[in-house]
Amino acid sequence: GNAIPNYIDQHIADGEVRVYHVIGANPLGMTNSAQWAREVILEKQAVTPPARSADTDEVIAALKERIDQGGLVLFAQDIFPNLTTEYADLV
């Protein structure tokens, strides 16, 4: 609902972003603060371990738990693999 201004990395670090949906871009590999952004996102994803299951309900429950505990869920939508898709919870 609310538009987030520039410096999304800082908003993620401050805990203001719970779901980050990247479409056709590679912010974790091509921005001035890419290394710091990767570190911040890994820290936010570590709140709960990544969901690895064939059961969709289990995966959704794990991602919801991460969000509820102040973590971040990263969705990447791209036709080519890149650093952002590598870090994404869902591609």
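Against which elements do the buried residues of helix α4 pack? They pack against α3 (34-45) and β2. This report describes that helix and its surroundings in a predicted model.

**Confidence**

The protein has an average pLDDT of 85, and 90% of the residues score at least 70.

| Element | Residues | Mean pLDDT |
|---|---|---|
| Helix α2 (lowest) | 27-30 | 84 |
| Strand β2 (highest) | 73-77 | 94 |

**Helix α4**

Helix α4 spans residues 56-68, 13 residues in total. From its first C-alpha to its last, α4 reaches 18 Å, close to the 18 Å expected at 1.5 Å a residue. Three of its residues, Ala-62, Leu-63 and Arg-66, are buried. These residues lie on the same side of α4 because they cover an arc of only 95° around the axis. On the face turned away from this buried side, α4 carries the exposed residues Asp-57, Lys-64 and Asp-68.

Both ends of the helix show local features. At the start of α4, the backbone nitrogen of Asp-57 has a side-chain oxygen of Asp-55 within 3.0 Å. Just after α4, Gly-70 adopts a positive phi of about 90°.

**The nonpolar core**

The largest nonpolar core comprises 13 residues. Those with the most contacts inside this core are Ile-12, Val-17, Tyr-20, Leu-28, Ile-41, Leu-72 and Leu-74. Two or more residues are given to the core by each of β1 (19-23), α3 and β2. Helix α3 provides the largest share, three residues. The elements α3 and β2 are also those against which the buried residues of α4 pack.

Not counting residues up to four places away in sequence, Leu-74 touches Tyr-20, Val-22, Leu-28, Ile-41, Gln-45, Thr-84, Tyr-87, Ala-88, Asp-89 and Leu-90.

**Thr-84**

Thr-84 belongs to helix α5 (residues 83-87). Is this residue, Thr-84, buried or exposed? Thr-84 counts as buried because its relative accessibility is 1%, and buried means under 20%. A polar atom of the Thr-84 side chain lies 3.2 Å from the backbone nitrogen of Leu-28. Leaving aside neighbours within four places in sequence, the contacts of Thr-84 are Val-22, Ala-25, Asn-26, Pro-27, Leu-28, Gly-29, Leu-74 and Ala-76.

Technical notes
Residues are numbered from 1 along each chain as its sequence is written. This is a predicted model: local features need pLDDT of at least 70, side-chain atom pairs count only at pLDDT 80 or more; totals for chains, interfaces and linings use all residues. Side-chain values use heavy atoms; hydrogens and water are left out. pLDDT is the predictor's confidence in each residue, from 0 to 100. Helices (H or I, at least four residues) and strands (E, at least two) are DSSP runs, numbered from the N terminus. The expected span of a helix is 1.5 Å times one less than its number of residues. Buried means under 20% relative accessible area, exposed over 50%, partly exposed in between (1.4 Å probe, protein chains only). The arc is that of the directions from the helix axis to the C-beta atoms. Contact means heavy atoms within 4.5 Å. A polar contact is a pair of N or O atoms within 3.5 Å; within protein, one must be able to donate a hydrogen and the other to accept it, and residues adjacent in sequence count only if both atoms are side-chain atoms. A nonpolar core is a set of buried Ala, Val, Leu, Ile, Met, Phe, Trp, Tyr and Cys residues joined through side-chain atoms within 4.5 Å.
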